[in-house]
Amino acid sequence: VRLRALTLAAATALIAFAFTTRPVALGRPGITPVPCPTQEWQPGDPTFDALPGAKAFFGAYDGGLYKIEIPDNWNGELALYAHGFVSNAGAQGSALRVGNSPIREHLIQEGYAWAASSYRCNGYVPGQGLLDTMALTELFTKSNGGRAPRRVYLTGTSMGGHVTLLGMHEFPTAFAGGLAMCPAGPELFDFFAATAGAAEVITGVQARLDTLQADVARMSELLGKPGAYTDKGRQLASVEIQISGGPRPFAMEGLASGGRFAGNINPAALAGSTTPSNRAVMTTHIKYSVDERLGLTADALNKTARRKALDPEVRNPMGPYDELVPFDGRLERPTLTMHGTGDLFVPIVLEQSLKRAVAAAGKDGLLAQRIYRIAGHCGFSQPEMIKAFDDLIAWVHKGTRPAGDDVNGDLSNAGLTFTNPLRPNDPGGIRVAADAKP
Amino acid sequence: VTPAPRVLLVEDDAATREGYRQYLTGCGMAVTAVANGYEALMHAGSAAPQVIVLDLGLPDIDGWEVARRLKSAPGTAAIRIIALTGSDLPHERVSAMRAGCDRHLAKPCAPGDLLAAIRRCVGEST
């Protein structure tokens, strides 16, 4: 009788399994994040007031500081928000800060809860950011009287966009969908190093690790700055535009935004820096291009620019740090990205790389990419972000892939479909004019 | 003849434990099934499993602690651990990962998925 009972129990269990099969979710081993910078972190003040019709929760946890906001008419879904890069240098470099979702009002109004983390440290730390953001679902459930979210979305801006794409790749079934706004990615530092390689050729100044800052300052003197470029400066401006995605609306304004023209010159990896992210840098694959009417040929650049090969001990699919390895494109859930044409900090060339990886993995149907005609980094309007979020939700709920742009096409007039509203002076500077005067 | 992969199954729910045990045994695995964290630690040292399927919600020593102890002991650190968690929420994956688990599966987990995960772990460990 006992044997029969056991057999019955086993059969019952097996039948239960058979009817509860979910899509294959063989959890990957997880990630090993690049360690935090070694310094003492100072938690700031996470307090905030809830919007009308919502409740606010905040405090400190193992991942830094957190904010959670839950509408009274909660619809059972949670949008995690991952913030962008916060420098760990300077007077505020050790201060941990937690912000709001950039579409907070819309989320609350529509019944979505949101949660955000400061992360446990500052710096370029997408791996740490991902794990600390994922940990928020436990805090959320506790704050929400034990009610867990039915669906969790991962959203983020800039480095937080890298967090989002990293999460959608490394934990491919953990989130119902991902919205990566102006997402950075592992190849961002290739772009900075490649810019530095071109700057060395153009200025004749070769950077050394022990004189790095002075070398970059010397280059800047020779190049001028936006609005006051020298001939050499125009050459480098053209190179930056070309290797970041090619001529496109607001590219020139993007170089002038936030000091990116000179800020993109980062020769640390070329000069032999041994930080993990610099060791991972690769510029051997960069094919330089330039408007040759400016007095410099692409051939000369490609022959003489200093290159750096990747360090296989660091940039390796087997680790040690997943966030340093270009995405393999193996998405399992809907992912929507947003990128500005005039983003010369985290340029649209990263979207092109992402698209190629996703296509190679046969996952095109899970990626939609949208282009916006704006200068600078992450300057999306509320209507643009809200529309993207709502379209992602509809994609997850109804299975209909929303429209996107072809990021690998000609970008010289890209972004008309989703830009809302068109910005003043649209289409803005597209390329460096040979006869442009400072 | 390839020896049967050695699996230690740690699950406090008797019906689930027996269901998995029967299924995995039928698939050619050498399965030892135990019901709590204490037994898991005892058998991990003596039975030399290649893979441990570990329910994290155990009643005595919880699965996170079991994983941490196994991964910090030289004799058991190399054993692959598949965590079984009660939900598929993101924090469950992170907590399992931080405890040292090599893979994560959320309940309810189809036996075929568990089998595939075990085979992948065996492949990684050989």
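# Briefing: sheet, helices and cores of chain A

Helix α3 (residues 126-134) of chain A lies across β2, β4, β6 (113-117) and β7 (151-157) of chain A, at about 155 degrees to β4(A). The model is predicted. An open sheet of eight strands and a largest nonpolar core of 74 residues are the main topics here.

**The sheet**

- The strand order is β2-β3-β6-β4-β7-β8-β11-β12 (chain A), with mixed pairing.
- From one strand to the next, the twist averages 15 degrees.
- Strand β11 (residues 335-342) of chain A runs parallel to β12(A), and seven bridges join the two.
- A:Thr335 has A:Leu367 in β12(A) as its bridge partner.
- In general, strands of a sheet pair through backbone hydrogen bonds, either parallel or antiparallel.

- Helix α4 (residues 136-143) of chain A lies across β2, β3 (64-71), β4, β6 and β7 of chain A.
- Helix α4 of chain A runs at about 45 degrees to β3(A).

**Helix α6**

- Helix α6 of chain A covers residues 188-203, which is 16 residues.
- At 1.5 Å a residue, α6(A) should span 22 Å; its end C-alpha atoms are 23 Å apart, so the two values agree.
- Of the 16 residues in α6(A), 15 are buried, so the helix is mostly covered; buried means under 20% relative accessible area.
- A:Gly204 follows α6(A) and has a positive phi, near 80 degrees.

**Nonpolar cores**

- In the largest nonpolar core, of 74 residues, A:Phe171, A:Phe175 and A:Met338 have the most contacts inside it.
- Helix α15 (residues 382-398) of chain A gives this core its largest share, seven residues.
- Another core, of 40 residues, lies apart from it and includes A:Ile243, A:Ala251, A:Tyr288 and A:Ala298.
- Leaving aside neighbours within four places in sequence, A:Met338 is in contact with residues including A:Leu179, A:Met181, A:Pro183, A:Arg370, A:Tyr372, A:Phe380 and A:Met385.
- In soluble globular proteins, nonpolar side chains tend to be buried together.

**A:His83**

- A:His83 is in the loop between β4 (77-82) and β5 (95-96) of chain A.
- The relative accessible area of A:His83 is 12%, under the 20% cut-off, so A:His83 is buried.
- Not counting residues up to four places away in sequence, A:His83 touches A:Arg97, A:Ser117, A:Ser118, A:Tyr119, A:Thr157, A:Met159 and A:Gly160.

Conventions: Residues numbered from 1 in each chain as written. Chains lettered and ligands numbered in written order. Predicted model: local features only at pLDDT ≥ 70, side-chain atom pairs only at ≥ 80, totals over all residues. Heavy atoms only, no water. Helix = DSSP H or I, 4+ residues; strand = E, 2+ residues; numbered from the N terminus. Expected span 1.5 Å × (residues − 1). Buried < 20%, exposed > 50% of the residue type's maximum accessible area, 1.4 Å probe, protein only. Core = buried A, V, L, I, M, F, W, Y, C linked by side-chain atoms within 4.5 Å. Contact = heavy atoms within 4.5 Å. Pairing = 2+ DSSP bridges. Axes fitted to C-alpha atoms, helices over the stretch in contact; angles between N-to-C directions.
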